[in-house]
Amino acid sequence: MSVTILGIESSCDDTSAAVIRDQLLLSNVISSQDVHKQYGGVVPELASRAHQANIIPVVDTALRNAGVTIAEIDAIAYTRGPGLLGSLLVGASFAKGAALTLGVPIISVNHLQGHVLSHFIKDEPNAIHPSFPFLCLLVSGGHTQIMLVRGPMDMEIVGQTIDDAAGEAFDKCAKVLGLPYPGGPVIDKLAAEGNPGFIKFAKPNIPDLDFSFSGLKTSFLYTLRDKLYTEPNFVNEHLPDICASLQQTIIEILLSKVEQAVRKYRIKEIAIAGGVAANSGLRNALQLLGQKRGWKVYLPKKQFTTDNAAMIAIVGYYSYLEGKTSPLDEPPLARLPL
Ligand code: KG4
Ligand code: ZN
């Protein structure tokens, strides 16, 4: 018996709907919100309004692209949290209303579990995925953590940031440089032309598998401020080098903890997920380190790194197989532990 799941994601500033049949992806539609660009960051009220405007056309397009009618959907999976409450409410309300009308169950999904299980989306019949157990470095705008993943429904956070997320470090430093939001992809592009050893920024000394990025942000700001006293054109003249050096520091912070986690758990299946997993410098560095250490490294396709509903639908699929559906009166939560 095949299972068809409609996934809905609306936790931040992307409205997305996807259809999967068993593990196979039939469609994945993402509508990104440009309205935040002029403010240099996501404005929660504008995000929820944009979700309201986008949700029906996005779901409609996802169904049409999949060649599936709404009557063929077995369950609707939606992001319950973590995320912006006003944004989550739009997806949750839509999912509940549609499920009630269609008489199908809903499945509430943790967004972070979605990022991890994005590795199990089959967008082609021969797509490969990590074997259990594996370690997953989850790096996004809101989260930076190392997960020990024992099974699709069994994962544990073994290290996490004590302040800013890696994506936030990219975005905040980009803002200092006057680059548009979100800064991560812009820094990635500029860094490709720069010298990663140009500036050494301070790296934190945090115990165990935890991370910290707020010190890097301060080090970045003060280093540039000091340089600008003597060289007013410093940023303009060295933008690619500054970006490459910042990116290199973030990569070194992340990968040193991955190495530590491998030593601690003796697991050599390594995956990365989340928006920052799209970073080409991080992908290359992890691949090289994996070759050197004899790890199996899994890099998700770029379309599955940033927020998308396919990853929510795949969690829905595994939950459905285990008979795990959710009550209609379960509220979305801005903070939702795994
Ligand atoms: O997973 P995501 O779409 O949303 C959250 O759940 O946060 O991640 C968004 C984050 C942003 O901070 C963005 O700057 C970062 O991912 N990002 C990147 C790249 N693409 C997206 N950071 C570095 N390099 C990239 N290529
Ligand atoms: Zn995310």
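Visitor: In what order do the strands of the open sheet with 5 strands stand?
Guide: The order is S8-S7-S6-S9-S10, and the pairing is mixed. Strands and helices here are DSSP runs numbered from the N terminus, with at least two residues (E) for a strand and at least four (H or I) for a helix. Two strands pair if DSSP finds at least two bridges between them. Please note that this is a predicted model, in which local features need pLDDT of at least 70 and side-chain atom pairs count only at pLDDT 80 or more, while totals for chains, interfaces and linings use all residues. Residues are numbered from 1 along each chain as its sequence is written, and chains are lettered from A and ligands numbered from 1 in the order in which they are written.

Visitor: How does S6 pair with S7 and S9?
Guide: With S7 (residues 144–151), S6 pairs in the antiparallel sense over 6 bridges, and a hairpin of 4 residues joins S6 to S7. Val139 has Thr144 in S7 as its bridge partner. With S9 (residues 269–273), S6 pairs in the parallel sense over 4 bridges, and Cys136 stands opposite Ala271 there.

Visitor: Why is S6 largely enclosed?
Guide: In S6 (residues 134–139), 6 of the 6 residues are buried, so the strand is largely enclosed by the rest of the structure. A residue is buried if 20 or more other C-beta atoms lie within 10 Å of its own, exposed if 12 or fewer, and partly exposed in between, with C-beta atoms placed from the backbone. Phe134, Cys136 and Leu138 cover one side, and Leu135, Leu137 and Val139 the other. In a regular strand, side chains alternate between the two faces of the sheet.

Visitor: Changing topic, what surrounds ligand 1?
Guide: There are 19 residues around ligand 1, and the closest are Gly141, Gly167, Gly184, Gly275 and Asn279. A residue counts as near if its C-beta atom, placed from the backbone, lies within 6 Å of the molecule. Helices H4 (166–176) and H5 (183–191) are the elements that give two or more residues to this shell, and H5 gives the most, with 4 residues.

Visitor: How far apart are the C-alpha centres of the two domains?
Guide: The centres of domain 1 and domain 2 lie 27 Å apart. The contact takes 16 residues from domain 1 and 21 residues from domain 2. On the domain 1 side, helix H3 (residues 111–117) contributes the largest share, 5 residues.

Visitor: Lastly, is Ala18 buried or exposed?
Guide: Ala18, in strand S2 (residues 14–21), is buried, with 30 other C-beta atoms within 10 Å.

How values were computed: Domains from an automatic or database assignment. Contact = placed C-beta atoms within 7 Å.
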